[in-house]
Each structure stands twice: as C-alpha cells, then as structure tokens.
Amino acid sequence: MNASETLHARRRFPMDEGGGVRRDDTQAWLSALRGPAVPREEAIADLHALLLRAARFELGRRRESLAHVPYAEREDLATQAADDALVAILSKLETFRGASRFTTWAYKFVLLEAGVKARRKAWQGREVTLSDDEWLVPRDAGPTAQEVVEGGELLEAIGEAIRTTLTPHQRQVFRALALNGVPIDVLAERLGTTRGALYKTLHDARRKLRATLADSGLGGGHEL
C-alpha cells in the first residue's frame, strides 16, 4: 500500500492526535472494526492497547491478593486478559446495541477477564476443601448466652439439612462457595464445569436448605 492509500484509509474514521481511533467515538470504532482490512487492523491494535491499560488497572486494584505474584507474571496476566477480551469483543460485535459508549461496553469484557485471572492466580496452589469433615465455623465474637443457644440450634439444623437434603454435588458446591469463600471461577476450573452450572447448583441448594429450615420451624429467611 502506498502513502496515498494509507492516508485515505486513515481518514475513513476519526483519529486522535496519536493516529489512533478517537476513544469516545462509538460510531468510529464500529465503522473501523467492521471496515476494510487496513483500518480494521489499526482499530484492533488501538482497542487492544485500551484493553491492556484497563487490565493493568484492574490487576493493580487487586494488588493485595497478588502481592506474591512477580511483576512479569502480572504483566502476562494483563496481556492474556486483553487478548481474551479482544477475541470476545470481536466475536460479539454484532450484539452491541449502543446502550452505552462502545468503550464502556468493551471495558466490561476485559475487567471480567482480568478479575477471573486474578482470582485464579491468587488461589493457585491453594487447596479447595470439599470434604464433609468441617462445614461451618461460627464467625461472630462475643455473643450473648441467648445468641449462643439460638445460634447453636440454627447451625445444627443447617448442618443436618446440608447432610440430608443436598446431593453430594450440591454439598460440595455449597460448602466451597457459600461457606469457604472459594471464587466461583476457581471452583469451576477445579471441577471442570462452568460458572453458570455452579450458580444453578448453588441456587438449588439454597432453595432446598431454606425450605428445610422453614419446615423445621426455624424460618426460611436466613441468609445461606
């Protein structure tokens, strides 16, 4: 391509001072990403750069949980998040309905990818306990005598409901997500399943437990 053709391609959509697609121009992004090869490749490069900055920001926001991760590995995570988000955005470009700016819509993809990768990295090497040995530990300090009695009864009832009402798989998922605080994407990876499937399992388990507690006279309004 000669200089004249390159200049013509660059004029097909608004550019910023650095020669990239103007960040706040939704129509320019869409036209470029759906357009001919040269402006499309340039727009993809600009979009990837934006996604990479957003991924770095999100990982930086989670730096406390990633304190043990070397800088080079965090950079690699950011690049992976930007890469995966870009692939998802391009595959779903036709689903964009213009309810927000294009960049706002695109940022959601990379923030999700960065968050998932950060949680997985933070839990890398950590054991996800799915055994039946220990399922719940009271967390409140300094309860009154009445609260001790009532809390003990409730814990005993919940423990019995978990053991007798839930299926083995529901028990695993409920313990890991609701009781042990395992991130859902981490558990999905460990169990070889999807987030959606785990959400469904957790919802069904909670519904069963609430119904069982209600039938036992302890009420079904407890947070589980």
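**Aromatic pairs.** I started with the rings and found five aromatic pairs in this predicted model. One of them, Phe-96 with Trp-105, is tilted, with 5.2 Å from centre to centre and 55° between the planes. I then checked how covered these two side chains are. Phe-96 has 7% relative accessibility and Trp-105 has 13%; both count as buried because the cut-off is under 20%.

Next I followed Trp-105 to Phe-109. Their ring centres are 4.9 Å apart and the planes meet at 75°, so I logged this pair as edge-to-face. Both residues sit in helix α5, four residues apart, which is about one turn of the helix. Like Trp-105, Phe-109 is buried. Stepping back, I saw that ring pairs link Trp-29, Phe-96, Phe-102, Trp-105 and Phe-109 into a cluster.

**The largest core.** Which residues have the most contacts inside the largest nonpolar core? I noted Leu-33, Leu-47, Leu-51, Ile-89 and Phe-102, in a core of 32 residues. The elements giving two or more residues to this core are α2 (26–33), α3 (37–61), α4 (71–91) and α5 (102–123). Helix α3 provides the largest share, nine residues.

Beyond its neighbours within four places in sequence, Ile-89 is in contact with Leu-47, Leu-51, Phe-102, Trp-105, Ala-106 and Phe-109.

**A second core.** I also found a separate core of 21 residues, with Ala-122, Ile-162, Phe-174 and Ile-184 among them. A reminder to myself: in soluble globular proteins, nonpolar side chains tend to be buried together.

**Helix α8.** Just after α8, I came to Gly-192, which takes a positive phi of about 70°.

**Gln-170.** My last stop was helix α7, residues 168–179, where Gln-170 has its place. Is Gln-170 buried or exposed? It counts as buried, at 9% relative accessibility. Leaving out residues up to four places away in sequence, Gln-170 touches Thr-201, Asp-204, Ala-205 and Lys-208. With Lys-208 there is also a polar contact: the two side chains are joined at 3.1 Å.

Note on methods:
Residues numbered from 1 in each chain as written. Predicted model: local features only at pLDDT ≥ 70, side-chain atom pairs only at ≥ 80, totals over all residues. Heavy atoms only, no water. Core = buried A, V, L, I, M, F, W, Y, C linked by side-chain atoms within 4.5 Å. Buried < 20%, exposed > 50% of the residue type's maximum accessible area, 1.4 Å probe, protein only. Contact = heavy atoms within 4.5 Å. Polar contact = N/O pair within 3.5 Å; in protein donor to acceptor, adjacent residues only side chain to side chain. Phe/Tyr/Trp six-rings, centres within 6.5 Å; stacked < 30°, edge-to-face > 60°.
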